[in-house]
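Each exercise below sets a task and then works through the solution in steps. Please keep the sequence and the model in view while reading.

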Amino acid sequence: MPGLAGRPGSWGGLLLRVGQTFFAAACIGVMGSSLGFSSYTAFCYLVASMGLQMLWSFGLACLDAYAIKVKKDLTHPIMLSLFVVGDWVTAILSFAASSSAGGVVILFQKDVLFCRRYPQLPCGKYELATAFAFLSWALSATSALIAFWLLAAF
């Protein structure tokens with residue numbers, strides 16, 4: 001399936017990886033600038049997960065850019081196996097971290113009303129960082145599905 005959009009070593013794959021890296025970095029930046037995020041385990045896990053996501057996606061974005069430059073095909077079964085395992089691991093970690101952070105944000109805003117009682121809590125930043133994490137996860141899951149689809153086609 002050489003024409004599949006988003007495959008490793010293509011412009012679509014590079015755009016997916018750059019998007020994953022951007023949203024993971026934005027999540028880390030917003031959460032890191034939020035006062036007191038380290039007091040909540042879910043937010044710490046989110047930052048750690050997005051750090052891993054950012055490193056993995058940036059590395060593969062560089063590999064995609066190199067493959068585009070030298071016109072190298074990255075759809076070999078061994079390479080695809082590596083992409084599938086790495087993408088699935090980072091996608092699952094990102095989804096778990098995003099979901100747990102989203103749960104804490106909803107708990108703070110709707111259930112226990114921490115955001116109203118304690119206006120010094122940057123609840124808007126927590127929410128924004130969680131949204132960036134979900135966007136990074138969506139792009140990561142897309143890359144994982146494409147790599148799995150390509151591997152299954154061999």
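**Exercise 1**

Explain why Leu113, at 29% relative accessibility, counts as partly exposed.

*Solution.* The model is predicted: local features need pLDDT of at least 70, side-chain atom pairs count only at pLDDT 80 or more, and totals for chains, interfaces and linings use all residues. Residues are numbered from 1 along each chain as its sequence is written, and side-chain values use heavy atoms, with hydrogens and water left out.

Step 1. Buried means under 20% relative accessible area, exposed means over 50%, and partly exposed lies in between (1.4 Å probe, protein chains only). The 29% of Leu113 falls between these limits, and therefore the residue is partly exposed.

Step 2. Leu113 sits in the loop between helix 3 and helix 4 (114-117). Its phi is near 55°, a positive value in a residue that is not glycine. Most residues other than glycine have a negative phi.

**Exercise 2**

Is Lys71 buried or exposed, and in which loop is it found?

*Solution.* Step 1. Lys71 belongs to the loop between helix 2 (41-70) and helix 3.

Step 1. Its relative accessibility is 75%, so Lys71 counts as exposed.

Step 2. The phi of Lys71 is near 55°, again a positive value in a residue other than glycine.

**Exercise 3**

How many helices and strands does the chain have, and what share of its residues counts as buried?

*Solution.* Step 1. Helices (H or I, at least four residues) and strands (E, at least two) are DSSP runs, numbered from the N terminus. The chain has five helices and zero strands, and reading along the sequence gives the pattern α-α-α-α-α.

Step 1. The C-alpha atoms fill a box of roughly 55 × 25 × 20 Å along the principal axes.

Step 2. Of the 154 residues in the chain, 44% count as buried.

Step 3. A contact means heavy atoms within 4.5 Å. Among the contacts with a separation of 6 or more, 80% are made by residues 24 or more positions apart.

**Exercise 4**

Step 1. Leu14 is buried, because its relative accessible area is 13%. Arg17 is likewise buried, because its relative accessibility is 6%.

Step 2. Leu14 touches Ala61, Asp64, Ala65 and Ile68. Leu14 and Ser57 lie 43 residues apart in sequence, and their C-alpha atoms are 9.4 Å apart in space.

Step 3. Arg17 is in contact with Trp56, Ser57, Leu60, Ala61, Asp64, Asp87 and Ser143.

**Exercise 5**

What lines the largest cavity, and which helix supplies the largest share of the lining?

*Solution.* Step 1. On a 1 Å grid over the protein atoms alone, a cavity is a set of points where a 1.4 Å probe fits but cannot get out; lining residues have an atom within 4 Å of a point. Grid points are joined across faces, edges and corners, and a volume is the space filled by probe spheres set on the points.

Step 1. The count comes to one cavity of 30 Å³ or more. About 60 Å³ of space lies in the largest cavity.

Step 2. The lining consists of Gly6, Arg7, Pro8, Gly13, Leu16, Arg17, Asp64, Asp87, Ser143 and Ala147.

Step 3. Helix 1 (11-32) and helix 5 (123-153) each supply at least two lining residues. The largest share, three residues, comes from helix 1.

**Exercise 6**

Describe the surroundings of Ala97 and Cys44.

*Solution.* Step 1. Ala97 lies in helix 3 (residues 77-111). Its relative accessible area is 0%, so Ala97 is buried.

Step 1. Leaving out residues up to four places away in sequence, Ala97 touches Tyr45, Leu46 and Ser49. The C-alpha atoms of Ala97 and Pro119, which are 22 residues apart along the chain, are separated by 25 Å.

Step 2. Cys44 is in helix 2. Cys44 counts as partly exposed because its relative accessibility is 31%.

Step 3. Beyond neighbours up to four places away in sequence, Cys44 touches Phe37 and Ser38. A separation of 10.0 Å lies between the C-alpha atoms of Cys44 and Ile28, which are 16 residues apart along the chain.

Technical notes. On a 1 Å grid over the protein atoms alone, a cavity is a set of points where a 1.4 Å probe fits but cannot get out, and a pocket is an open set with protein on both sides within 12 Å along at least five of seven lines; lining residues have an atom within 4 Å of a point.
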